[in-house]
Amino acid sequence: MISGIEIFDIALLLVVLVITSWYVAEYIVRVFERRSSRLDKIFNPIENLIYKVSGVDTNHGMGWKEYAFAALLINIVQMALAAFIFMNQAILPLNPQHFSDLSWHLTFMQVISFATNTNLQHYAGEATLSYLSQMSAVQFLQFTSAGTGVCVAIAMVRGFKKGSKDLGNFYVDFVRSLTRVLIPLCFIAAVFMLAAGVPQTLSGYTTVTTVQGATQTVLAGPVASLVSIMQIGTNGGGYYGANSAYPLENPTALTDVAQIFLMLLLPTALCFVFGKMIGKEKESRPIFIGAYLLFAIDLAIAFIPNPINEGPGIETRFGGFMSTFWTVVTTAVTTGSVNSSLYGMHPFAIIAAFMGMFIQATPGGKGVGLMYMIMYVILTVFIVGLMSGRTPEYLGMKITGRDVKLVMVAFLVHPLIIIIPTLVAYASGAAAAIGVTGDANGFTQVLYEFTSAAANNGSDFLGTTANTPFWNVATGIVMFLGRYAPIIILLALAGAMIDRKRIEGTAAALKTESFTFSLVLVASIIVLVVLTFFPFLALGPILGFFQGHINFFGP
Amino acid sequence: MSDKKSWASHLRPLIVLGIISLLIGGLFFPFLITGVGQAFFPHQANGDLVQLNGRTVGSYYIDNGFTSPVFFHARNESTCGCSGVDPDITPQQAYSQIPGISSATGITNSTLTSIVNDNEEGTFWIFGSPYVNVLNLNLILIREYPSVYTNYTK
Amino acid sequence: MQSTIQNKEESMPGEKPVGLLRLLSSKVIADSIKRLSPVSLLSNPVMFIVEITFYIVAAEAIFPQAFGPLASSSQRVFYVEVAIILLLTVWFATLSDALAETQTRMTANSLRRIETDVPTRKIVTGETGERTVSTVKSSELRKGDVLSLQKNDLIPIDADVLEGIAMVDESLLTGESTPVRKAPGDQLIGGSKMISDTLVARVSVNPEETYISQMIKLVESAKRPKTPNEQAVTIVLIGLTAIFTIIIAGLVGLSVTLGLGGDLSVLIALYVCLLPTTIGALLPAIGLSGISRLYANKIIAKSGRAIETAGDTDTILLDKTGTITVGNRQAIEFIPFNGYSEKDVGEAAFLASWHDDTLEGRSVIRLSYERGFVPREINMLDLSQVYEFSATTRTSGVKLQSGTDFMLPKVSDSTSRGRVRFRRKFSDEPTAEENSIQEHMLIPHGVPSGEIEIIKGAPDSIRKIVTKVPDSFDKEIASIAQAGDTAIAIERNGDLLGVIRLKDILKPDIKQKIEDLKLMGIRPVMITGDHPLTAKSIANEVGIDEYVPQAKPEDKYGIVLREQGQSRIVAMIGDGTNDAPALAVADVGLAMNSGTQAAKEAANMVDMESNPAKVIDVVLLGKQLLMTRGAVTTFSIANDVAKYFAIVPVLFATALPVLVKLNILQLGLHSAVLSALIFNAIIIPFLIPLAMRGVSFKPSDTMTLFLRNTLIYGLGGVITPFVGIKLIDLLLSGVFHI
């Protein structure tokens, strides 16, 4: 169980987070509305040069199709660039450790993994990737996937904004997301991490003789820059195989709290961006309150066990509380970084983690979390809102059959890409091939792998053991569909909102900004999203709990 | 996309911007941070390396692999299931090792206890729970009791 | 004064459709069984799938070996039980369809009866000109047929009067309780009733062609198009069905690959339980019943969509007269000017109002009489020259000879026009009042003094034709208007005599209705031809913030466009041809059946009772329909929570017995699945009354309604199955030892 002081810790962190997010949100809105700013002097020349070189017409507004496909295609270009580096790292510079090239299937899986903001890793970075790969493949894609996520969310919000004529220009949004949002934020975060003890070097690993005379290699590299974007961008792909459990990636309680804060920052800010951008700040309420009520439910479930996650899998410097809290946060914002081994988690903590990944909006990955929450709001307005005695409307816009169709299709993607591959993994013998069983623990691991891939989360049990053609290709496909199918569908939904007739200022409308609505939203999400997967949880962590497991070590 | 424009004009931003984003996120930024790190935080940037008698013996944050009974030990790696290099133990774990160290070195229990207590770390204000860094404790012991430890360090 | 809405037990307007029990007939049951054919279920995807699962389980019951070895003979019994419950589930759905359709048809027919099902005397004129009368069914009448109508006859169809003068009660259609005089050239409305004398009239429309018949046909036909909202709900149901299909297919697959030994029929039971069968079964009935309730309130809608739009109304345009006030004003005071007495004004008003057949005119006569201001010229009235009301001059009047006694009317002749007028002005039977006035008429009055011309009308019109207007006149007029009353000025031979003060009488329940509208967030806008001050006073009295004074019917069009321009959904009423353009553009246009054909065609609803206040009821009915659909959908989905906990624990009972710990309801291991499945089936007939009657609600603000319904149908939807499944389980295990 959780103690009073720990509840206070969380509350304090969230208060600071909400205040910071509010201002970050204000800044993000200014950036994407292209309002003039004192920073223009610095950024405008750089950006204008980029637009000129890349032939971008900054005044061209894009419809949903053009926006969605520009995002998808540039991501594919970026994947190709990263794939080139992964597959040729042996001959490329910055490879002091002389690591060899990655296999085609690991490359396929990893470029999709990083480009889709999933960061599922079927390798241990410190023993696999050259410095160049860590920087110019991993960090590069972490920046672009984070930028893409913010852009598509902003584009969706534009669809709901009154008076929008288009969804904006993807290229301009993308450039500004890098130059004005991610690079500056990551710079601050990276310098903080450096000061707090995280390394950043290109000089190769240091071999030392320990106090007792043994030989040891200190695996330092460009870690601080990676940690900053992996947390701010809710990417989650660590420098090391052990991710943020590895001391050099997350050395102290301070860096741990800071990383939790960083991964919550943009997803929370985007809740506020919604209201600020559409000019109705109150409309951020269901999105923010809904997300954080669900987050609180996640936490409550994770903290049921007493004592909370002790022993194996837990880093001493973090302890059970901080490790469990991290696990909930990392799945709530679909970051996927870990500061402990998932094997060390109690089944309840894993149930909470599943909830975060099923919902994807608690507050979810930056960008996509907001998109999902808007989708849930529309679905709730449609089903439950009918009971207010009006045909459903959101922000004064009537919800049409086509909107509902898009929402239901987006809704359908997730169970489809989790359940089918899980089944295939067992039926084809791929699970058995890597030693994963069908019992409570094994099933949890497989279900978690595909849920994490589908939700673009990236935390997983299997890790390097899943570095086989089947698992790499299967998770690669799941990650790709889990990312782009909902984005394209939800941008289509946003596109349909442009120019829609609005009935505004009528007292008869359902008040989505009310707390009542937020509560109903949360209940709807639990019934429609979480319970859908209940039979599967029953075969995994729930079964494990009833069988007396307190973690996932052992059979 | 409008049909009026040529394919090339559609492809150009995709490819050029794709490459520019690689330059910004994949090279410029990590190089920038490397520069800042090496210039302003060289100790941290290079892995928080720790010296003993002028010799680099490891990283402060990486378990140094103590095995001798005269030292504090980190957790046994084979069953830890954690990062495997966790350099820290809880004060309670440290206390439980004190009698053994005391009998091996002759340093009194109370001295060892106060060393453990004085070197608790891990809390950031009210966050986190206290722990002690095994390497840190052992280096203190080596410095404080050079005569005892001279045989045990290489 | 309590509103009628709250007087009703259901908190909802008007009449209820035909009761459920009266509907259950062998015919309905036969119909519901016929609908079990998979082809007719295709339009209902959820039920179609349930039927498929029935076939699968039935096959398992008949050929168990084809599905693997039987654990025991009791397992086969279980398959039979599951199959039966699945079939019942589908049947309950088709039964609700059949019931709702029958109800709608019956209610529609009872509406149509107002027009058609009346025995009628048809006059056939032979070649020699002799007339023969034959009795025919009104539905057999054709345009051009000539009818003989007698006292107490129901007028079967719209017709034009050819001969005779009679009093007709149109209250059923117009809400106006006072009989209306009909003379040659007047139109008779089908459904009204003769209350005196006889008429010969020519049928003006064919019964099959009547607008209303067409409208009824449109909405009752079996191929009623789904409304946009119904379509969208169907999409949600299809989406949920797809999701649960994936879930169950996944579980079936895992059961096989992981060797969990799940029973196919148990997995199917979970599948059907999770499917939104309740709303899937009741969705068509809910839509039809909404139309039924409208019919029961004597309102016909052109489409189901119009009803749903009514629920969305943001602004409602209310004609003051007939909606807010009873259709007439009443004279309450005579105010003299220029040194005349109250008596002078009252007597002149009596004479000027004698030929005014409106309720307003009659109230002037009544006031004069009550004050004892019956003029001696009364006996001259039948020979007077009448100036009918003119919209241009906004005056009416009378010109007669002063006090001559040789033109005494034959008052003993009860059929004389004078007598008829008295009847009309007071009551059917001669009353004391009437007799008293008759006495006056018998008294010969003094010496004639020439011609008298009396004109009454709008004050600003009268002031133009009188010689002297006192200073206090304008002030008095303004103060009358400020109080919400209307001033009618009256002059005699160019002398301003004074003013008749008319008071608007509010409809008894209108204040409550306006308050209800405002509570629900709907903005009432009052439209009136009145002076701005009068309009303001009345608007204030009933609590309306926005009003349009001095409006002509044509102005409604502009107001509708203005409101729509501000992105509001507008509801309005209309009856005249002038209203037609506005009715056509309004989102909800309710025409009065007494109105012109043009108005009825432009509107999307027609009120057979021609009661304009019913536009408010239409809004409530629209809301009720949407609420009911939302409530059953939410209830259906919320039910799933309990069903997971009932079935998942025993899903893999053989391989994973430890999951029984999830059995928080402590259901019997053998009865749990049947209990959940039975609950899933019988909740449908339990909710048929709700689906057909509609969710009851008190008008209140949107969020209150939302919260209340969410608690009842959302939270209730979570709790009810826990209780229901447990009770069924106790029954099964306790009584039937399953």
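Contact here means heavy atoms within 4.5 Å. With that in mind, the tour below moves through a predicted model.

**Chain C as a whole**

Begin by selecting chain C, whose secondary structure comprises 28 helices and 22 strands. Of its 738 residues, 57% count as buried. The accessible surface of chain C is about 29400 Å², and carbon and sulfur atoms hold 57% of that surface. Among contacts in chain C with a separation of 6 or more, 73% join residues 24 or more positions apart.

**The interface with chain A**

Next, display chain A beside chain C. Here 56 residues of chain C are in contact with 52 residues of chain A. The area buried between the two chains is about 4900 Å², with carbon and sulfur atoms giving 80%. Select C:Ile246, C:Met703 and C:Phe706: these supply 13% of the area that chain C buries against chain A, more than any other three residues.

The elements of chain C that give two or more residues to the side touching chain A are helices H9 (228–257), H12 (304–311), H25 (614–638), H26 (640–651) and H28 (702–734). H9(C) provides the largest share of that side, with 17 residues. By class, the side has 34 nonpolar, 15 polar and 7 charged residues.

The interface of chain C and chain A also holds 2 salt bridges. To see one of them, select A:Arg390 and C:Asp314, whose closest N and O atoms are 3.1 Å apart. Extending the selection to A:Glu393, A:Lys398 and C:Asp312 shows a network of salt bridges that links these residues with A:Arg390 and C:Asp314.

**Salt bridges within chain C**

Now select C:Glu347 and C:Lys343, which form a salt bridge with the closest N and O atoms 2.5 Å apart. The two residues are separated by about one helical turn, because they lie 4 residues apart in helix H14 (residues 342–353) of chain C. C:Glu347 counts as buried at 17% relative accessibility, whereas C:Lys343, at 40%, counts as partly exposed.

Finally, move to C:Asp485 and C:Lys503, where a salt bridge joins the side chains at 3.5 Å, N to O. C:Asp485 lies in the loop between H19 and strand S16 (486–492) of chain C and C:Lys503 in strand S17 (residues 495–506), so the pair ties together parts 18 residues apart in sequence. C:Asp485 counts as buried, at 4% relative accessibility, while C:Lys503 counts as partly exposed, at 32%.

Definitions and conventions. Residues numbered from 1 in each chain as written. Chains lettered and ligands numbered in written order. Predicted model: local features only at pLDDT ≥ 70, side-chain atom pairs only at ≥ 80, totals over all residues. Heavy atoms only, no water. Buried < 20%, exposed > 50% of the residue type's maximum accessible area, 1.4 Å probe, protein only. Areas by Shrake-Rupley, 256 points an atom, 1.4 Å probe, with all protein chains shown as cover. Buried area = accessible area lost by both parts, 1.4 Å probe. Salt bridge = Lys/Arg side-chain N within 4 Å of Asp/Glu carboxyl O. Nonpolar A, V, L, I, M, F, W, Y, C, P; charged D, E, K, R; others polar.
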